Every structure is written in structure tokens, then in C-alpha cells.
Amino acid sequence: MSLYGMMRTGVSGMNAQANRLSTVADNIANSDTTGYKRSTAEFSTLLMSNTEGLYNSGGVTTTVRPQVSGQGVLQYTTSVSDLAVNGDGFFVVQDPSGTTFLTRAGAFVPDGQGRLVNAAGFQLMAYSYDNGVPSATVNGFEGLVPVVISDQEMTASPSTQGTFTGNLPAAATPVAAGNLPTDNALGSQYTSKSSMVAYDNLGNKALLDVYFTNTGAGTWQVSVFDQSKATAGTSFPYTGGALGSANLTFDATTGKLTGAVDSVSLTVPNGSAFSLDLSKLTQLGTGFTVADAQVNGNAPGTIDKVQISKDGTVYAQYKDGSTKSLYKIPLADVQSPDQLTALAGNVYAQSADSGAVRVGFANEGKLGSVISGALENSNVDIAEELTNMIAAQRSYTANSKVFQTGSDLMDVLVNLKR
């Protein structure tokens, strides 16, 4: 082996340990950075060709790899917009130029325009509910929009669907034909009645009267009327008749719906087409009971507060107590997270070795859940980093001794002729 080769190997070792110390320095500096993933320096040998009786030293090469797959401890906060991923997956964020990245840093706060932006200036991306229930674009970021939550804009949504859950009395006396609510005549009879609030296109409240009428063994008629059109003091007849009606059939043994019809279709006055789901109604041997009644839509109002569920759905709650789905936050993942390219701002980009980015929703497949009011701490262990620092320092010193010894031997060789 040549003395030059020995000195080059010592330099290679010192350079490798310097890289190791650099990762330790970064890890310690970012030990309190939300969502930071520690980096490690991994070494591999460089071998030179050797002949019998002669050994040529090679050296060491360094590969720095972030430990992206290691999850940090969740720290809970009081801010709803603080988000963490419990499990696999990344938030999809975008920089001001429109470039998309992945991140685990979920300390989002609204900016001046209501966009949720984290500490590095990346805005959170999600799918909007404006065009109905969103679906994820599996192999790309198309369809994602910035999450914007403004408490200044007044909005109203018409009711399009509702649910009615309860029990109809099995021992009810049937109402004869000609006296049913759908006949809409003075003195029309019914078995039970309830009312529901829905919203028209302008957010005005429309009170709907819902009549349940037994028409025979296991058969019922459901009729919905606009309460504002009722005859004063008697209800029937309603001006314009029923908004919608349906005939239901229940199984005599189980008391559950057996027919193909399990809903009523109608149009809310001055509003949109509306479907009232009755699939959870029962006919059992007890009185008329309303277990639950819900409709979507909301009256005009500003957002009072925001809630984010574990599946990533962003809900706006208005001052009147109504809620509305605004966005659904997706999670992205790759086959090999540790091979992602780490960039400034605690974000990651797809690399040739990481595999393609796949986008989905929380709790689907391997993806974790979205935790609102929590942040993921860095996965840096200070004690481990200090240990690595000492080990790197010792190795650096040893490699420097190799270089120094080679230099001393070179001096001996140069001075042989003297």
C-alpha cells in the first residue's frame, strides 16, 4: 500500500465522520421542530484492487438518510388547526409558487386570506365538498385546493337530504281510504305526526309536517306537507297538497322495512330536491317514538368554529349550531418513505428510490388517522445524538492519527537521501 493511499484513506475517514457530525448537529438543532425526522449517516466501504503481498486501502463513502418512517410523540394543543398524523401518511402542502410537497409538520394557522399555513409557509391542500362528496385522485394531486376558512363570509346551504329514525306503533288502527292525508281534505286522518326544519336556497327555514298513517297490517303511508300552507286551526287541507309521499311495508316478524321503498322524495319550498331517508324506521309493539331527525343545510351565518374529524373531514359550525362539511384532508404515502428527498421547510419530495406518491384518505389501508389539536414532535433522541457525537469525535481523531502517521512516514521517506 502506498503512503499516499493511507493518507487518502485517513482523509476519507475524517470526511465521513464530519458528515456524521453534521447530521448530529442538524438533529440537535431541530430536536424541537414539529414533524422533523432525524437524519443518520450510513457508511459503506470503497475497496481498491489488491495483489498478493500488496494491499491498497480504499476508504469510506457516506449516505445521509432521513428516518422519515419513525414517528415522533404526539403533543396535544388547544388549537383545532394543529394537525398530526397518527400512523403512516403525510399531509399534502403547496408552496406559494404552486409546487406540491409532503410534510408531517402540521402546525397550521390561518393567514390573512383564511388559508391554513404552517410555520414554513406551506399551505394545506384538501378536496372541497362544493361538488359533492370528494374522492381522492390516487396517482396525482389533481383536484386539491387550498383549505380556506373565513369567518367573514356569510353563507347559506339548501337542504338536500335528511334522515328520520323512530318507531311506528304496531297496534295502530288503520285509516280507511278517502280519509288519508294524501286526500288533503278537511278532516283527513293520520296515525302519528312530527315536524322537521329544512332550509331553502336562501337559507330560510321551511317547517315540514310529516304524517305517518297506518293503512293496514304492516303498511304505512308517509306524507310530507309545507306547514306554511296549512289551513289555520285544522291543518287540512294544505294549499298545493303534499310535497311528497311514499308507502312503506314492514315485516310482521321483525318489525323492519321489507319493501323497496325506504325514503320520500320531495322539493323543499323555494329550495332544492330533498330526500328523506326512512330506512331506520321500525314497527314494534310500543308507541310512536322519534329517536332522531336530521337534515343538512344551514341558515345564513358566519362560521363560529371549525372541527376536524379523524377521517380528515373539516366541518364548519355556524352560530345557529348547524354544521357543514367544507373539505376532506387527504393523506399521501410512498412505498419507501425513508428514500424521500428532504427539502428545506421540513417537507419531502418524491425521489426515484421512494416510489410513486399515492393519495388516499385517513384510515384507508395503511394510512393513519388525522388528529386535530395535536402536533407530532421530532423523533430525535438527544441522548442518542450526544452519544453519536462522542463516537464521531473519537473516530475523527483516530482517522486524523492515521493521516498524521502517513505524513510522518512520508517525511522519513523524503529524508532517506540525506
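1. Let's start with Arg38, which is buried at a relative accessible area of 11%. Here, buried means under 20% relative accessible area, exposed means over 50%, and partly exposed falls in between, using a 1.4 Å probe and protein chains only. Before going on, a word on the basis: this is a predicted model, where local features need pLDDT of at least 70 and side-chain atom pairs count only at pLDDT 80 or more, while totals for chains, interfaces and linings use all residues. Residues are numbered from 1 along each chain as its sequence is written, and side-chain values use heavy atoms, with hydrogens and water left out.

2. Which side chains does Arg38 meet in salt bridges? One is Glu384, at 3.6 Å from N to O. That pair ties together parts 346 residues apart in sequence, because Glu384 lies in helix H2 (residues 382–414) and Arg38 in the loop between helix H1 (3–29) and strand S1 (39–46). Another is Glu385, at 2.9 Å from N to O. Glu385 is also in helix H2, so its pair with Arg38 in the H1–S1 loop ties together parts that are 347 residues apart in sequence. As for the cut-offs, a salt bridge is a side-chain nitrogen of Lys or Arg within 4 Å of a carboxyl oxygen of Asp or Glu. Helices (H or I, at least four residues) and strands (E, at least two) are DSSP runs, numbered from the N terminus.

3. Are those two glutamates buried or partly exposed? Glu384 counts as partly exposed, at 36% relative accessibility, whereas Glu385 is buried, with a relative accessible area of 1%.

4. By the salt-bridge rule, the count comes to 7. Another example joins Asp209 and Lys193, at 3.9 Å from N to O. Asp209 sits in strand S14 and Lys193 in strand S13 (residues 192–199), so this pair ties together parts 16 residues apart in sequence. Asp209 counts as buried at 1% relative accessibility, while Lys193 is partly exposed at 33%. There is also a network: Lys37, Arg104 and Glu376 are joined by salt bridges that share partners.

5. Gln17 counts as buried, at 8% relative accessibility. What does Gln17 touch, leaving aside its neighbours within four places in sequence? Its contacts (heavy atoms within 4.5 Å) are Phe43, Ala392, Ser395, Tyr396 and Asn399.

6. Now over to strand S5 (residues 91–94), which is covered on both faces: Phe91 and Val93 are buried on one side, and Val92 and Gln94 on the other. S5 runs antiparallel to strand S6 (residues 100–103), with 4 bridges joining them. Strands pair if DSSP finds at least two bridges between them. Phe91 has Thr103 as its bridge partner in S6. The S5–S6 hairpin has 5 residues between the strands, and Gly98 takes a positive phi near 95° there.

7. S5 is also joined to strand S9 (residues 123–128), again antiparallel, by 2 bridges. In this pairing, Gln94 stands opposite Gln123 in S9.

8. On to the rings. Rings of Phe, Tyr and Trp (its six-membered ring) pair if their centres lie within 6.5 Å; planes under 30 degrees apart count as stacked, over 60 as edge-to-face and the rest as tilted. How many aromatic pairs does this rule give? The count is 13. One of them is Phe212 with Phe288, a tilted pair at 5.8 Å centre to centre and 45° between the planes. Phe212 lies in strand S14 (residues 205–216) and Phe288 in the loop between strand S19 (282–284) and strand S20 (289–295), so the pair ties together parts 76 residues apart in sequence. Phe212 is buried, with a relative accessible area of 0%, but Phe288 is partly exposed at 27%.

9. Phe236 and Tyr238 make an edge-to-face pair, 5.3 Å centre to centre with 80° between the planes. Phe236 and Tyr238 are both buried. They also belong to a cluster in which ring pairs link Tyr190, Tyr211, Phe225, Phe236 and Tyr238.

10. Last, a charge over a ring: the charged end of Lys328 sits over the ring of Phe361, 4.6 Å from its centre. The rule asks for NZ of Lys or CZ of Arg within 6 Å of the ring centre and within 35 degrees of the ring normal.
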